[in-house]
Amino acid sequence: MKLFRTLLVFSAALLLAGCTAVFEEELSPAEITPAQLESRMKQAMDPTGRFAGAKTYVMRQQISTARGWLEPPLLQMVEVKFRRPDQFKLTTYTDNEAETVLIARGKEGWMADMKRKKLTRLDDKALQRVLAMAKLTNPGNRMADVFEKITLDRSRVEQEDFFRFTCQNPGRDPIYIYVDTKEYLTRRMRMRFRFSGGSFDYDSQMLNYSMYEGVRIPDESVIRQAGIEQKSKVIYYKLDVKLDDDEFRPPLF
C-alpha cells in the first residue's frame, strides 16, 4: 500500500491507541467505489508494479522538528527497513547516532533505547500495533488486507476537493485518508492518538511527490502533532535491498 509509507514519520506513535480527529469539511457521495479508487492510485504511484513486487525496501527520511523561534530545529533521521512478509525495523537517529530502534519479526517485537542500553519486549497489544504498521508498509497488501471496514466519500476541505477514505478495524476509531481527485495521490492523513492520561491530534500533509525506483512517493511532508510541527524529506529510497537476518534481531547490550 504505497500511500501508507507516509505513516512512518511518526514511528512509535503507532504504539498508541487511536481515535479520529474532527475538523470542518463538506461531505458528499463518491461516484466511484473504494476498490476503483485504489486501482487508480496504484496506477498513479506504482505504474509498472515495481513496488508491489518488491521483497524488501529501505527508506531514510530527514525529520526537522520546530523548537521555538529562538532555537534552531531539531534534525533527526528515520530509517525504515522491511522484508516480506512481516519483518520490520524502524531506527531513529539524532546527531548520526541511533537513539531508538523498533523491531517486529513475526510474533515477536522489541523497543530498544540505544542511549540507555535498555531493551523492552513489546506486549501483545503493542506488538499488534507494530505488526499493523508492517502490514501497512507491505508492498503486496491492499487496503482490504489491513482494514475490515472501508468507506469512500467526496470531501471539500479548505476550498480543495478530495476523495476521503474512512478506514476502520473493530474496536478502533477510523483513520481518514484524503486523495487528490485528479492525480489520485494521497494528500493528507488525519487521526487522533489517545494514551493513558491524554491524547493528541495527528495531521500529515504531503507537499510533493517524486519518482524513486520507478515509484512515485511523497518525499516532502509536514506533520503536526501534539502542538509540534515536523517537516520530513526523503533522502534515500531503494527497493529489493539485500537485508541480513541480523537486521531484524534485537540488539545485545
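Predicted model: local features only at pLDDT ≥ 70, side-chain atom pairs only at ≥ 80, totals over all residues.
User: How many helices and strands does the secondary structure of the protein comprise?
Analyst: The protein has 253 residues, of which buried residues make up 47%. Among contacts between residues at least 6 apart in sequence, 52% join residues at least 24 apart. The secondary structure of the protein comes to 2 helices and 15 strands.

User: Which element gives the most residues to the largest nonpolar core?
Analyst: The largest nonpolar core holds 25 residues, and Phe 88, Leu 122, Tyr 237 and Leu 239 have the most contacts inside it. Several elements each supply at least two residues of this core, among them strand 3 (56-65), strand 5 (87-94), strand 14 (215-225) and strand 15 (228-239). With 5 residues, the element that gives the most to this core is helix 2.

User: What is the angle between the planes of Phe 162 and Tyr 178?
Analyst: Phe 162 lies in strand 10 (residues 160-168) and Tyr 178 in strand 11 (residues 175-180), so the pair ties together parts that are 16 residues apart in sequence. Both Phe 162 and Tyr 178 are buried. The ring centres are 5.9 Å apart and the pair is edge-to-face, with an angle between the planes of 80°.

User: Why is the pair of Tyr 212 and Tyr 237 edge-to-face?
Analyst: Tyr 212 belongs to strand 13 (residues 198-212) and Tyr 237 to strand 15, so this pair ties together parts that are 25 residues apart in sequence. The ring centres of Tyr 212 and Tyr 237 are 6.0 Å apart. Planes over 60 degrees apart count as edge-to-face. The pair is therefore edge-to-face because the planes of Tyr 212 and Tyr 237 stand at 65°.

User: Which residues form one aromatic cluster with Tyr 237?
Analyst: A search of the whole structure finds 5 aromatic pairs. Tyr 237 is buried, with a relative accessible area of 5%. The residues that form one aromatic cluster with Tyr 237 are Phe 51, Tyr 57, Phe 82 and Tyr 212.

User: Over the ring of which residue does the charged end of Arg 164 sit?
Analyst: Two arginine placements may be described together. Arg 60 lies over the face of Tyr 236, at 4.4 Å from the ring centre. The charged end of Arg 164 sits 4.1 Å from the centre of a ring, that of Tyr 176.

User: Is Val 222 buried or exposed?
Analyst: Val 222 is placed in strand 14. Residues that Val 222 touches include Asp 203, Leu 207, Glu 229 and Lys 231. Because its relative accessible area is 6%, Val 222 is buried.

User: With the side chain of which residue does the side chain of Glu 229 make a polar contact?
Analyst: Glu 229 is found in strand 15, and at 30% relative accessibility this residue counts as partly exposed. The C-alpha atoms of Glu 229 and Arg 67 are separated by 8.7 Å, although the two residues are 162 apart along the chain. Glu 229 touches Ser 64, Thr 65 and Ala 66, among others. At 3.2 Å, the side chain of Glu 229 makes a polar contact with that of Arg 224.

User: What is the distance of the polar contact between the side chains of Gln 225 and Gln 230?
Analyst: Gln 225 is in strand 14. At 13% relative accessibility, Gln 225 counts as buried. The side chain of Gln 225 makes a polar contact with the side chain of Gln 230 at 2.9 Å.

User: Which residue takes a positive phi in the hairpin of strand 7 and strand 8?
Analyst: Strand 7 (residues 108-113) and strand 8 (residues 118-121) run antiparallel and are joined by 4 bridges. Ala 112 stands opposite Leu 119 in strand 8. The hairpin has 4 residues between the strands, and the residue with a positive phi near 55° is Lys 117.

Note on methods: Residues numbered from 1 in each chain as written. Heavy atoms only, no water. Core = buried A, V, L, I, M, F, W, Y, C linked by side-chain atoms within 4.5 Å. Buried < 20%, exposed > 50% of the residue type's maximum accessible area, 1.4 Å probe, protein only. Contact = heavy atoms within 4.5 Å. Phe/Tyr/Trp six-rings, centres within 6.5 Å; stacked < 30°, edge-to-face > 60°. Lys NZ or Arg CZ within 6 Å of the ring centre and 35° of its normal. Polar contact = N/O pair within 3.5 Å; in protein donor to acceptor, adjacent residues only side chain to side chain. Pairing = 2+ DSSP bridges. Lists of a residue's contacts leave out its neighbours within four places in sequence.
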